[in-house]
There are 2 protein chains.
Amino acid sequence: MKKVVPLQNLINQFERLPGIGHKSAQRLAFHVLSMNEKEVQAFADALTEAHSKIHRCEKCCDLTDEQFCPICDDPARDSSTICVVEDSRDVMAFERTHEYNGVYHVLHGVISPLNGVGPEDITVKELLARLSDTNVKEVIMATNPTAEGEATAIFIARLIKPMGIEVSRLAYGVPVGADLEYADEFTLLKAIEGRKKI
Amino acid sequence: MKKVVPLQNLINQFERLPGIGHKSAQRLAFHVLSMNEKEVQAFADALTEAHSKIHRCEKCCDLTDEQFCPICDDPARDSSTICVVEDSRDVMAFERTHEYNGVYHVLHGVISPLNGVGPEDITVKELLARLSDTNVKEVIMATNPTAEGEATAIFIARLIKPMGIEVSRLAYGVPVGADLEYADEFTLLKAIEGRKKI
């Protein structure tokens, strides 16, 4: 069967997005056809605009459309504490706690020799330059609790410690609201090791 | 926290699509940022192009970017049999069988008094005009096997029968590969009623 080219194009475009299968791509494409012209234009503009305007913050490497990101730009934030995360989504996750008042540093990845990602491929150099320039008291390593995240945290901590800056790591333990029965043994072990007096 | 406007815009646009929650919208937006400029432009163009170029086929009301859809335009298709479906996705589903060689008529909805959809809101008029103009021998009512799909099929069948055209309805029964244990009683009843000699 000959296909309707513009429709097939749109379905293909949606199908290339992560987590979108053929059926979902079809549904999204038909939804776009049911939108009005202004809405479709707004969607298309949002795509190109986000892509062209967004770049890395000159301080923390998080994504922004200005020279510095809103967090680095906020004088109320405590710039003497830097939370080092893997990517921008982690910044959003910490910001949702509404409690952390320090700043961030976004690595844009983790060191992963198996995938050919070395320290020079993530923003380690930018972090070190930032630490030597400014008055930072503590760096919190908040990479993911995976083997690669852990290795990256230890690698960076070793580089920072000689600078006389305190380095800490996120606490391991059982997640709030979880069922102990389903916790894996490593998490339980870490939770026992890290137990606190009450 | 002040947000990065172009990024937030893009996340909001994805979030408005059906079946996309906030987390997925975030993931899709970050994926777009990781695409190269050409890919993003192609995506944006696919959106606006599909929306501006696609309209209904003048014969069958299916979606196309030309006067007639590829199926109506194909001289090898048997135009004396019309399969009446609810929307374009149903056409795609039947085409995947690679067996049906007739043409289609897309209703773009079903009659649903509860949702304020009457016969004049779907393409019943276009179907009747088409039947009186051309030499159609059989109309297959292939609306969904739901209460509304069934009612729509019966409504349209009553209009067509006086024209001396044969009207049929999709067979009801147990789906191929299904487990009888989990079939609902209506489906089983229909399967027994429609049993065939072997």
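The following dialogue reads selected features of a predicted model.

Trainee: Which conventions apply to this model?

Mentor: The model is predicted, so local features need pLDDT of at least 70 and side-chain atom pairs count only at pLDDT 80 or more, whereas totals for chains, interfaces and linings use all residues. Residues are numbered from 1 along each chain as its sequence is written, chains are lettered from A and ligands numbered from 1 in the order in which they are written, and side-chain values use heavy atoms, with hydrogens and water left out.

Trainee: Which residues of the largest nonpolar core touch the most other members?

Mentor: A nonpolar core is a set of buried Ala, Val, Leu, Ile, Met, Phe, Trp, Tyr and Cys residues joined through side-chain atoms within 4.5 Å; buried means under 20% relative accessible area, exposed over 50%, and partly exposed in between (1.4 Å probe, protein chains only). In the core of 46 residues, those residues are L7, F14 and L47 of chain A and L7, F14 and L47 of chain B. Two or more residues come from each of α1 (5-15), α2 (22-34) and α3 (37-53) in chain A, and from α1 (5-15), α2 (22-34) and α3 (37-53) in chain B. Helices (H or I, at least four residues) and strands (E, at least two) are DSSP runs, numbered from the N terminus. Beyond residues up to four places away in sequence, L7(A) touches A29(A), F30(A), L33(A), I54(B) and M92(B), contact meaning heavy atoms within 4.5 Å.

Trainee: Which residues of helix α5 of chain A are buried?

Mentor: An α-helix has 3.6 residues a turn, so residues three or four places apart point the same way. In α5(A), residues 124-133, the buried ones are V124(A), L127(A), R130(A) and L131(A). They lie on the same side of α5(A), because they cover an arc of only 125 degrees around the axis, taken from the directions from the helix axis to the C-beta atoms. The face turned away from that side carries the exposed residues K125(A), S132(A) and D133(A). The buried residues of α5(A) pack against β3 (78-85), β4 (102-106), β5 (138-141) and α6 (147-160) of chain A.

Trainee: What is the strand order of the open sheet in chain A?

Mentor: Two strands pair if DSSP finds at least two bridges between them. The 4 strands follow the order β4-β3-β5-β6, with parallel pairing. β4(A) and β6(A) (166-169) stand at the edges with a single partner strand each, so one side of each lacks a neighbour in the sheet. Between β3(A) and β4(A) there are 5 bridges in the parallel sense; I82(A) stands opposite V103(A), and V84(A) has H105(A) as its bridge partner. Since 6 of the 8 residues of β3(A) are buried, this strand is largely enclosed by the rest of the structure.
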